[in-house]
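Me: I have a structure open and would like to learn how to read it. Can we go through it feature by feature?

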Amino acid sequence: MTNALTLTDVNVTIKGSHILQGVNFEIEAGVVTGLLGRNGVGKSTTLRSIVGLVPRVGSINLFGEEISGLRTHEVIRAGVAFVPEDREIFASLTVAENLKLAERDKNPDYDTVHQLFPELLQRKNQRAGTLSGGQQQMVAVARALLNKTRLLLVDEPTKGLAPKLVTEVAAALEIAAQATTILLVEQNLPLVKRVAKNIIVMDQGVVVHNGTPAELADADFAKRMLGVSGGSH
Amino acid sequence: MEIFITLFITGVGLGALYFLVASGLSLIYGLMGVLNFAHGAFLTAGAYAAWYFTTEVRADGSLTSYAISLVLSGLVGAIFAVATEQLLIKHLYDRHIDQALVTVGLGLVAVSAYLGWFGSDPLIALPPTQLYDVVQIGDAFVGIDRFLYITVAGLVLLANFLMLRYTRIGLVIRAGVENRAMVTALGIDVRKAFTFVFFIGGFAAGLGGALATTYASGVGPTLGDAFLIYAFITVVIGGMGSIPGTAIAAVIVGTTQVLVNYYVQGLGDFVVVLLLAVVLLTRPQGLLGKVAH
Ligand SMILES: Nc1ncnc2c1ncn2[C@@H]1O[C@H](COP(=O)(O)OP(=O)(O)OP(=O)(O)O)[C@@H](O)[C@H]1O
Ligand SMILES: [Mg+2]
């Protein structure tokens with residue numbers, strides 16, 4: 001078992017508040033790992049620290065290469081794609097321009113994108129700011145699928161989506177998972193159970209548990225670790 | 001009516017000069033969050049370059065020499081701007097107050113340097129006499145130079161538009177104005193776009209300096225500062241980061257200033273500031289600016 005990503009004692013302090021307080025975990029290559037935890041425990045900050053969007057100290061190792069000293073665009077070019085929590089698509093650009101901006105490879109994989117989200121092709125000249133929330137999420141996910149990546153970081157891709165769209169996004173993740181390693185922050189536990197092989201649980205800025213999705217079926221575990229009752233909602 | 005036409009076109013011409021300074025300010029602020037108080041110094045540098053070229057290097061008073069001086073002054077402004085970005089601003093990224101202070105300092109240093117080199121009296125420029133001809137529109141007479149300013153600013157506006165709309169770097173700039181962090185999270189080194197924006201902003205300001213020398217019949221150490229104030233007002237009224245907004249605001253500011261100054265002696269500047277206050281109170285993001293997020 002090789003590791004795609006290893007975080008060792010990663011700390012993040014923003015404006016005096018110590019948000020990540022020594023995060024340690026390893027991510028197995030070639031599978032999906034779910035990153036779980038209550039609201040505000042530092043899941044998004046962990047992803048942002050990996051891509052260098054927040055100042056971080058500690059070691060971040062990507063397939064044997066230390067990336068904690070790299071600037072954000074260099075981390076991405078080292079083979080990382082990032083789908084942020086609030087989509088962060090460019091509202092004033094068209095759908096096509098949003099995707100064009102994300103192109104890095106010589107032959108960006110538009111086939112997969114259009115197969116997964118045919119709507120984006122139909123709406124290619126629409127301003128992304130006028131898309132529905134779900135369509136914006138498609139753009140955010142599509143941006144990450146255009147290039148070959150070694151690690152895909154996805155932050156709550158199904159937040160606020162209708163069930164049908166949740167299924168589509170899940171399908172997209174499963175297809176992406178065939179070609180890359182995924183670290184997925186997700187509150188939808190049935191989805192985590194379906195796609196993830198491993199789970200990491202955070203609480204108050206540190207990792208408190210490493211395990212498998214099967215444990216999520218245990219109501220007591222879910223309540224203790226995630227503050228939710230039962231394994232689904 | 002004749003007077004109105006003459007004044008109106010003069011106002012649009014003055015607005016064109018404001019636009020040349022303001023377009024760079026707007027893009028620099030929109031993309032990087034830097035208020036560049038040194039922008040007036042870029043203009044003055046371009047102005048002295050144009051003066052030097054047309055009085056010392058090729059003082060034949062020909063249109064060709066004048067045209068060359070325009071390009072030259074643009075390049076001088078661009079080089080000054082890129083040097084400023086690379087040597088000073090680059091090292092202070094995301095420290096917006098420090099960046100603003102550094103540009104204020106540079107602006108002051110530049111004025112004293114110009115003072116030391118060229119003296120405090122304005123140096124008289126001798127543009128081609130053709131520029132002082134007038135054309136008749138209806139019963140009104142308008143100086144040809146006004147149309148030159150408008151044409152040059154129009155070309156700069158068009159070039160900006162084409163660059164922003166159809167080139168990769170333009171796409172990066174438009175996206176960066178909206179959300180810089182996310183641009184880097186797509187693997188793009190947004191700092192290259194910063195340098196580029198300083199280059200084109202400095203070029204337009206330098207070009208504006210050459211034209212301002214013609215407009216004001218000469219160049220003194222603080223020529224740029226006079227324009228910078230109105231350019232800032234233009235940018236705020238138009239909306240930070242919006243080039244079309246800047247163009248519209250430049251015309252509004254230029255014409256208001258000239259018209260009011262004529263009809264109510266000396267009140268033009270005051271009315272422009274009033275206009276700024278009204279826009280800030282009713283539409284703080286400016287005419288075409290985006291609401292900050
Ligand atoms: N830029 C910032 N400035 C100040 N505090 C921040 C900043 N970013 C995050 N925080 C704080 O850090 C903590 C962790 O935030 P983070 O977004 O990482 O949580 P999360 O686990 O992703 O939560 P959620 O499930 O609600 O998305 C929160 O208390 C948050 O308020
Ligand atoms: Mg989060």
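Me: Let's start with helix pairs. In which hand does α10(B) pass α11(B)?
Reply: The crossing of α10(B) with α11(B) is right-handed. A crossing is left-handed if the near helix is turned anticlockwise from the far one by less than a right angle, and right-handed if clockwise. Before going on, note that this is a predicted model: local features need pLDDT of at least 70, side-chain atom pairs count only at pLDDT 80 or more, and totals for chains, interfaces and linings use all residues. Residues are numbered from 1 along each chain as its sequence is written, chains are lettered from A and ligands numbered from 1 in the order in which they are written, and side-chain values use heavy atoms, with hydrogens and water left out.

Me: What are the angle and the distance between the axes of α10(B) and α11(B)?
Reply: First, the terms. Helices (H or I, at least four residues) and strands (E, at least two) are DSSP runs, numbered from the N terminus. Axes are lines fitted to C-alpha atoms, for helices over the stretch in contact, and angles run from 0 to 180 degrees between N-to-C directions. Here α10 (residues 243-263) and α11 (residues 268-282) of chain B pack at about 140 degrees, with axes 7 Å apart. That makes α10(B) oblique to α11(B). The scale: under 35 degrees is roughly parallel, over 145 roughly antiparallel, 65 to 115 roughly perpendicular, and the rest oblique.

Me: Which residues make the contact between α10(B) and α11(B)?
Reply: Contact means heavy atoms within 4.5 Å. From α10(B) come Ile252(B), Val253(B), Thr256(B), Gln257(B), Val260(B) and Asn261(B). From α11(B) come Gly268(B), Asp269(B), Val271(B), Val272(B) and Leu275(B). By class, the contact of α10(B) with α11(B) has six nonpolar, four polar and one charged residue. Ala, Val, Leu, Ile, Met, Phe, Trp, Tyr, Cys and Pro count as nonpolar, Asp, Glu, Lys and Arg as charged, and the others, Gly among them, as polar.

Me: How do α1(B) and α10(B) cross?
Reply: Helix α1 (residues 2-32) of chain B and α10(B) have axes that come within 6 Å and cross at roughly 140 degrees. The two are therefore oblique to each other. The contact of α1(B) with α10(B) holds 19 nonpolar, nine polar and no charged residues.

Me: At what angle do α6(B) and α8(B) pack?
Reply: Helix α6 (residues 168-178) and helix α8 (residues 190-215) of chain B pack at about 100 degrees, axes 10 Å apart. They are therefore roughly perpendicular. Ile169(B), Val172(B) and Ile173(B) of α6(B) meet Val190(B), Ala193(B), Phe196(B) and Val197(B) of α8(B). That contact of α6(B) with α8(B) divides into seven nonpolar, no polar and no charged residues.

Me: On to rings. How many aromatic pairs are there over all chains?
Reply: A pair of aromatic rings is described by the distance of the centres and the angle of the planes. Rings of Phe, Tyr and Trp (its six-membered ring) pair if their centres lie within 6.5 Å; planes under 30 degrees apart are stacked, over 60 edge-to-face, the rest tilted. The whole structure has eleven aromatic pairs over all chains. One of them, Trp51(B) with Tyr52(B), is tilted: 6.5 Å centre to centre, 50 degrees between the planes. Tyr262(B) and Tyr263(B) have ring centres 5.0 Å apart and planes at 90 degrees, so their pair is edge-to-face. Ring pairs also link Tyr48(B), Trp51(B), Tyr52(B), Tyr114(B) and Phe118(B) into a cluster.

Me: Is Trp51(B) buried or exposed?
Reply: Buried means under 20% relative accessible area, exposed over 50%, partly exposed in between (1.4 Å probe, protein chains only). Trp51(B) is buried, at 13%. Tyr52(B) is partly exposed, at 46%.

Me: Where is Ile27(A) found?
Reply: Ile27(A) sits in strand β2 (residues 17-28) of chain A. Its relative accessibility is 0%, so Ile27(A) counts as buried. Ile27(A) and Asn3(A) are 24 residues apart in sequence and 5.5 Å apart in space, C-alpha to C-alpha.

Me: Last one. What is the phi of Glu156(A)?
Reply: Phi of Glu156(A) is near 45 degrees, a positive value in a residue other than glycine. Glu156(A) lies in the loop between β7 (151-155) and α7 (163-177) of chain A. Glu156(A) is buried, with a relative accessible area of 8%.
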